[in-house]
Amino acid sequence: MNILGICSIAVDTIAHVDHLPIRDSFCTVTKSERMQGGSGTNVLVQAAKLGAATGVVTQIAKDADSDWIMDNLHRCGIDSRGVYRKDGQYEAPSCLIYVDPHGEKMLVVSAEKRLPALTEGQANLSLIEEADIVYLDLNPAPMSMTAAREAYKADKKVVLNYQEDLDSILSRGVDRTFLTEILQYVTVFAPCQEAIKALSGSGNVDDQAAYIRQYFHGLIILTLGSDGLVAWDQDDKKIIVPALSIDASDTTGAGDSFIGSFMVAYLIHQQPLLESLQYSTACAAYTCMDFGAQASPTAEQLHGFMEKHRQ
């Protein structure tokens, strides 16, 4: 197995709206559709589309939507031995995503009939031994420390991704100290700027990198949304990669596509860092061209897309 994700999974409801709602205002849903999602699983789907052997450790319920999730994992070729199915009156994890005409989004995670966090006793962490890379998105958060530690001891590459705001991460039962302590076991750290801005107290990317460097000495990839990314390698060489200019339909899953394709290009195929970052930026852009978090490209689709943008 190339990549084992210990991560989130969900069913998404994509609601197309005339504009994103703001406080004390209305918006109109013009169309809605249900799709497979869950940030961590989106990452694995992208990696699988590019030829990686992937598996997942996660939790679902025993309802019809959870059956649908299992069907999708099998269809995508993702090893589901690590999926724990919880008994009881629970529902599959779900997320409501509002998408405006410009492709911008707002996400609302449902807590109704929510599954309790997956525990170490329920998680099949023995699968770590079979993997080359362990991907973590802090879903669930407390167990991620154990998984990171075990992967590190087993000499596996560990990729940690924060793609949510700090308050959302802290709501999972961890504190700021946890978020810095886990970095000692990590190979690649790929946070969004919003989370690091809140942790570091600075809006400047160089200050944010300096804050991370107090705790972490591996590869930093700081994602900046429509502004692209900035990365620092182990020698602190700074690399800036702008986002591709596109007419986005839906930005949901772009960051997931980015990190999934990056692991394939850089950690599996061992392509140069800059080339890998550019390749993954193109993957993220392609994903924005259609609706749904798993609208990510195959290698052939991405090749054609990149050729078109080069021209």
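1. Asp137 is buried in this predicted model, with a relative accessible area of 6%. That value lies under the 20% limit for a buried residue, and therefore Asp137 is counted as buried. Asp137 is placed in the loop between β8 (133-136) and α3 (141-153).

2. Two polar contacts of the Asp137 side chain may be noted. One is with the side chain of Ser8, at 3.0 Å. The other is with the backbone nitrogen of Asn139, which the side chain of Asp137 reaches at 3.1 Å.

3. The surroundings of Asp137 draw on several parts of the sequence. When neighbours within four places in sequence are left aside, Asp137 is in contact with Ile6, Cys7, Ser8, Ser39, Gly40, Asn161 and Arg172. Among these contacts, Gly40 is also one of the buried residues of α1.

4. Helix α1 (residues 39-49) is largely enclosed by the rest of the structure, because 9 of its 11 residues are buried. The buried residues are Gly40, Thr41, Asn42, Val43, Leu44, Val45, Gln46, Ala47 and Ala48. Just after α1, Gly51 adopts a positive phi of about 100 degrees.

5. Strand β10 (residues 188-191) directs Val188 and Ala190 one way and Phe189 and Pro191 the other way. All of these residues are buried.

6. β10 has parallel pairings with β9 and with β11. Strand β9 (residues 157-162) pairs with β10 over 4 bridges in the parallel sense, and Val159 stands opposite Val188 of β10. Strand β11 (residues 219-223) runs parallel to β10 and is joined to it by 2 bridges; here Phe189 stands opposite Ile220 of β11.

7. The structure contains 1 cavity of 30 Å³ or more. The volume of the largest cavity is about 50 Å³. Its lining consists of Tyr162, Leu179, Thr180, Leu183, Phe189, Ile196, Leu199, Tyr211, Ile212 and Tyr215.

8. Three helices, α5 (176-181), α6 (193-200) and α7 (205-213), each supply at least two residues of the lining of the largest cavity. By class, the lining residues comprise 9 nonpolar and 1 polar, with no charged residue.

Terms used
Residues are numbered from 1 along each chain as its sequence is written. This is a predicted model: local features need pLDDT of at least 70, side-chain atom pairs count only at pLDDT 80 or more; totals for chains, interfaces and linings use all residues. Side-chain values use heavy atoms; hydrogens and water are left out. Buried means under 20% relative accessible area, exposed over 50%, partly exposed in between (1.4 Å probe, protein chains only). Two strands pair if DSSP finds at least two bridges between them. A polar contact is a pair of N or O atoms within 3.5 Å; within protein, one must be able to donate a hydrogen and the other to accept it, and residues adjacent in sequence count only if both atoms are side-chain atoms. Contact means heavy atoms within 4.5 Å. On a 1 Å grid over the protein atoms alone, a cavity is a set of points where a 1.4 Å probe fits but cannot get out, and a pocket is an open set with protein on both sides within 12 Å along at least five of seven lines; lining residues have an atom within 4 Å of a point. Grid points are joined across faces, edges and corners, and a volume is the space filled by probe spheres set on the points. Ala, Val, Leu, Ile, Met, Phe, Trp, Tyr, Cys and Pro count as nonpolar, Asp, Glu, Lys and Arg as charged, and the others, Gly among them, as polar.
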